[in-house]
Amino acid sequence: MGNAKLVEVVQSKLKLRNTMAREFLAEFLGTFILIAFGTASVAQSVLTNKANGDFFSINWGWGMGVTLGVLVSGGVSGGHINPAVTVAMAVWGKHPWQKVPLYIVGQYLGAFIASAVVYGVYLNALDGFEAERTLATAGIWATYPGAITTKNGTVITDYLSSGNGMGDQVVGTMLLLLCVCAITDARNMEVPKGLVPLLVGLTVLNIGVCFGFNCGYAINPARDLAPRIFTLIAGWGSDTFSAATVEGIAWWWVPVVGPHIGAILGVTLYEVFVALHHPETQEFTLPQVTPHQEPGSTSYQLVPVKASD
């Protein structure tokens, strides 16, 4: 058997014909791409004390991670790579509910595996950066309330309240879904299919640039919870889940619940303000005609039928 024939046989055996299995793998891989690039961009900044990265390089890492994740998965599964997107689309009837659990499992699993891969790549650098794991490096994988520096140089790490953090996540994800709906609405600006991943990625980049200060703009439950679970297992311990806001309330649930609320709100706003008001598509119908022969002619012409009075 020739090499080409062998490859053809192997491909035939491996090819999935089950649509839901293909969509699961696409969401898994797309989310893997997102988290791999995003968390690696943070790792380069943190582990080099910003010598090889800063706030803006991190935003670019996440933005391009989204672009490439959607590019990898979009043609198969729609490129949700975010449980908040999947649930919001299902709420508005744009995605079947029976596929929601499958998508979400793929997204969380992809995020978890990507977290492990980035950890392996930067393991030596992590060990050199700190002998014992702290939240300073746990923030490479999951989000935590940010810090502010006062005018006199004092660093305050406990300024963010749970309510403010929740609002941050709701607004950020609302803007994401509102823009995603516009980008993918064929009856609006008719964005070419090939440009969709880039524009979605630029939307995430812009959210990071504008709203990344408070708590790192998770805007994606899988992007935050799966890596947080990984850090819990990989040596950072329970601090990853006990880290709290200024009131002493655990933070971990905010970037899980907030994005789901914001995503539904974003789709709702787009539907109410834009999508529901598109003009109905005009159905094209051929005019009614009848054969007609002029006197003395041997040929027939099609003449429109006049409407009766």
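The buried residues of α3 are covered by elements that include α2, α5 (100–121), α9 and α10 (221–236). In this predicted model, the residues of α3 that count as buried are Ile58, Asn59, Gly61, Trp62, Gly63, Gly65, Val66, Thr67, Gly69, Val70, Ser73 and Ser77. Residues three or four places apart in an α-helix point the same way, because there are 3.6 residues a turn.

The helix α3 itself has 23 residues. From its first C-alpha to its last α3 reaches 31 Å, close to the 33 Å expected at 1.5 Å a residue. The helix is not straight throughout: at leucine 71, α3 bends by about 35°.

The largest pocket holds about 1000 Å³ of space and has a lining of 30 residues. Nearest its centre lie Val46, Gly139, Tyr144, Gly146 and Ala147. At least two lining residues come from each of α2 (19–47), α3 (55–77) and α7 (135–138). Of the elements, α3 gives the most to this lining, with four residues. Sorted by class, the lining of the largest pocket has 17 nonpolar, 10 polar and three charged residues.

The second largest pocket contains about 850 Å³ of space. It is lined by 40 residues, and those closest to its centre are Gly78, Gly79, Val180, Thr184 and Val196. Two or more lining residues are given by each of α3, α4 (83–91), α8 (162–184), α9 (196–211) and α12 (254–273). Here too α3 gives the most, with six residues. The lining of the second largest pocket divides into 23 nonpolar, 10 polar and seven charged residues.

Most residues other than glycine have a negative phi. Isoleucine 81, in the loop between α3 and α4, has a positive phi, near 40°. Glutamate 190, in the loop between α8 and α9, has a positive phi as well, near 55°.

The surroundings of these two residues can be described by accessibility. Isoleucine 81 counts as buried because its relative accessibility is 4%, and the cut-off for buried is under 20%. Glutamate 190 has a relative accessible area of 61%, so it is exposed, a term that applies over 50%.

Technical notes: Residues are numbered from 1 along each chain as its sequence is written. This is a predicted model: local features need pLDDT of at least 70, side-chain atom pairs count only at pLDDT 80 or more; totals for chains, interfaces and linings use all residues. Side-chain values use heavy atoms; hydrogens and water are left out. On a 1 Å grid over the protein atoms alone, a cavity is a set of points where a 1.4 Å probe fits but cannot get out, and a pocket is an open set with protein on both sides within 12 Å along at least five of seven lines; lining residues have an atom within 4 Å of a point. Grid points are joined across faces, edges and corners, and a volume is the space filled by probe spheres set on the points. Ala, Val, Leu, Ile, Met, Phe, Trp, Tyr, Cys and Pro count as nonpolar, Asp, Glu, Lys and Arg as charged, and the others, Gly among them, as polar. The expected span of a helix is 1.5 Å times one less than its number of residues. The bend at a residue is the angle between axes fitted to the seven residues ending there and the seven starting there. Buried means under 20% relative accessible area, exposed over 50%, partly exposed in between (1.4 Å probe, protein chains only). Contact means heavy atoms within 4.5 Å.
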